Amino acid sequence: MKFLTPLLLLGLIGCNSSTYPSQTQAAEACDRWRLEGESISYEFISERIIYNEGNGNDPFIPLPTDKPINGADKYFDSYSETNHNRRCQNESSTNQYLGREGVFSDEDREKANQKFGDGYSRDYPEATDFKVVRHFRY
């Protein structure tokens, strides 16, 4: 029985870490773990003012504006953004990725699928209180 206790402890300690043959494999494993956590998606709106210089290389589609600003056109870029409650941090000094997990508040969860950015609130959902809960060693 005395022999089983140290083995059981060793097994429990090793449950939250893994060793990978390369840094790339550890990063990929950590990223898979990150995506399995909780996430909140929202739309981010970015307004840009572009002065017409005739280069024609801007990929954004102009929206009609009722008051151009000093001969400039307004462009709006809208894209979906997703924030996760898990993050991966490379700690190269110890050859590992630290898997950090945070918490979304109920208020953050209510912000799912809302618009944020220029002309909207910038208080987008963000997890807090991150703690290291996994180790991806390489």
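**Stop 1: the ring cluster**

Select Tyr 20, Trp 33 and Phe 136: ring pairs link these residues into a cluster. Rings of Phe, Tyr and Trp (its six-membered ring) pair if their centres lie within 6.5 Å; planes under 30 degrees apart count as stacked, over 60 as edge-to-face and the rest as tilted. Over the whole structure, the search finds six aromatic pairs. One of them is Trp 33 with Phe 136, a tilted pair at 6.0 Å centre to centre with 55 degrees between the planes. Helices (H or I, at least four residues) and strands (E, at least two) are DSSP runs, numbered from the N terminus.

Buried means under 20% relative accessible area, exposed over 50%, partly exposed in between (1.4 Å probe, protein chains only).

A word on the model before moving on. This is a predicted model, in which local features need pLDDT of at least 70 and side-chain atom pairs count only at pLDDT 80 or more, while totals for chains, interfaces and linings use all residues. Residues are numbered from 1 along each chain as its sequence is written, and side-chain values use heavy atoms, with hydrogens and water left out.

**Stop 2: a second ring pair**

Now select Phe 44 and Tyr 79. Their rings form a tilted pair, 5.6 Å centre to centre, with 40 degrees between the planes. Phe 44 lies in strand S2 (residues 39-51) and Tyr 79 in strand S3 (residues 72-84), so the pair ties together parts that are 35 residues apart in sequence. Phe 44 is buried, at 16% relative accessible area. Tyr 79 is partly exposed, at 33%.

**Stop 3: the nonpolar core**

Go back to helix H2. Select Ala 26, Ala 29, Cys 30, Trp 33, Tyr 97 and Phe 136: these six residues form the largest nonpolar core. Such a core is a set of buried Ala, Val, Leu, Ile, Met, Phe, Trp, Tyr and Cys residues joined through side-chain atoms within 4.5 Å. Which element gives the most to this core? It is H2, with four residues.

Centre the view on Tyr 97. Leaving out residues up to four places away in sequence, Tyr 97 touches residues including Ala 26, Cys 30, Cys 88, Asn 90, Arg 134 and Phe 136. Contact means heavy atoms within 4.5 Å.

**Stop 4: the disulfide**

Show the sulfur atoms of Cys 30 and Cys 88. A disulfide joins these two residues, with S to S at 2.1 Å. The rule takes a pair of cysteine sulfur atoms within 2.5 Å, and by this rule the count is one disulfide. The link is left-handed, with -105 degrees about the S-S bond. Cys 30 is buried at 0% relative accessibility. Cys 88 is partly exposed at 31%.

**Stop 5**

S4 (residues 86-91) pairs with S5 (residues 96-103) in the antiparallel sense, over six bridges. Strands pair if DSSP finds at least two bridges between them. Select Asn 90: the bridge partner in S5 is Tyr 97. S4 and S5 form a hairpin with four residues between them. Pick Asn 95 in the turn, where phi is positive, about 50 degrees, although Asn 95 is not a glycine. Asn 95 is partly exposed, at 38% relative accessibility.

**Stop 5: another positive phi**

Move to Asn 113, in the loop between helix H3 (106-110) and strand S6 (115-117). Asn 113 has a positive phi of about 65 degrees and is not a glycine. At 67% relative accessibility, Asn 113 is exposed.

**Last stop: the whole chain**

Zoom out and colour by secondary structure. The protein chain has three helices and seven strands. Along the sequence, the pattern reads α-β-α-β-β-β-β-α-β-β. Of the 138 residues, 22% are buried. Among contacts between residues at least 6 apart in sequence, 73% join residues at least 24 apart.
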